Amino acid sequence: MDHMAHHASWGTAARATLHCLTGCAVGEILGMVIGTALAWGNAPTMALAIALAFLFGYSFTLFSVVRAGLDLKSAVKVALAADTVSIAVMELVDNGIIALTPGAMDAHLSDGLFWGALLGGLAVAFVLTTPVNKWMIGRGKGHAVAHAHAHH
């Protein structure tokens, strides 16, 4: 095993988290936009947002790992291993905050409250997920797997 893979700096963890967060944010906002456009209720809109968050979260990792020269099957395994925990923690925190923010679920995309809750949720999720990623990378799990492949 490479010594570097086990040394997780906060920078690496933050980058890994940010990477994942970007995917989650894109997916979530898209889900909210689609759900709102189709006039869906909160539950289906949230389900779609979470599904898209996972999809985009994974695809960002998948893209970087495949670009690093890994075949698709291995890349999918790496992305699933690297991102499932990050995305799950992130979605849980983010949606929890939106759900707990009074009026945020009923706020519309044009409301500052909606974006405030979403961004606040993502910010808290980032802060909470970074140590999780750092710990996982330090143990040679999660994003360490992705980074081990990305730096060959």
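Student: So, how much of the chain counts as buried?

Tutor: Of its 152 residues, 38% count as buried. Keep in mind that this is a predicted model.

Student: And how many helices and strands does the chain have?

Tutor: Six helices and zero strands. Read from the N terminus, the order of elements is α-α-α-α-α-α.

Student: What share of the contacts with a separation of 6 or more comes from residues 24 or more positions apart?

Tutor: That share is 71%.

Student: What about the surface, how much of that belongs to carbon and sulfur?

Tutor: The accessible surface of the chain comes to about 7800 Å², and carbon and sulfur atoms hold 74% of that.

Student: Which residue with a positive phi follows α2?

Tutor: Ala-39, with phi near 55 degrees.

Student: Now the packing. At what angle do α3 and α4 cross?

Tutor: The axes of α3 (residues 42-67) and α4 (residues 72-100) cross at roughly 145 degrees and come within 8 Å. By class, the contact of α3 with α4 has 17 nonpolar residues, plus four polar and two charged ones.

Student: Left-handed or right-handed?

Tutor: Right-handed, for α3 passing α4.

Student: What does Glu-28 touch, leaving out residues up to four places away in sequence?

Tutor: With those left out, Glu-28 touches Ala-49, Ala-53, Glu-91, Asp-94, Asn-95, Ile-98 and Leu-118.

Student: There's a Glu-91 in that list. Where is Glu-91 found, and is Glu-91 buried or exposed?

Tutor: Glu-91 is in helix α4. Its relative accessible area is 4%, so Glu-91 is buried.

Student: And which residues does Glu-91 touch, again not counting those up to four places away?

Tutor: Cys-24, Glu-28, Ile-50, Ala-53, Phe-54 and Gly-96. Ala-53 is on the contact list of Glu-28 and on that of Glu-91.

Conventions: Residues are numbered from 1 along each chain as its sequence is written. This is a predicted model: local features need pLDDT of at least 70, side-chain atom pairs count only at pLDDT 80 or more; totals for chains, interfaces and linings use all residues. Side-chain values use heavy atoms; hydrogens and water are left out. Helices (H or I, at least four residues) and strands (E, at least two) are DSSP runs, numbered from the N terminus. Axes are lines fitted to C-alpha atoms, for helices over the stretch in contact, and angles run from 0 to 180 degrees between N-to-C directions. A crossing is left-handed if the near helix is turned anticlockwise from the far one by less than a right angle, and right-handed if clockwise. Ala, Val, Leu, Ile, Met, Phe, Trp, Tyr, Cys and Pro count as nonpolar, Asp, Glu, Lys and Arg as charged, and the others, Gly among them, as polar. Buried means under 20% relative accessible area, exposed over 50%, partly exposed in between (1.4 Å probe, protein chains only). Contact means heavy atoms within 4.5 Å. Accessible areas come from the Shrake-Rupley method with a 1.4 Å probe; for residues, only the protein chains shown count as cover.
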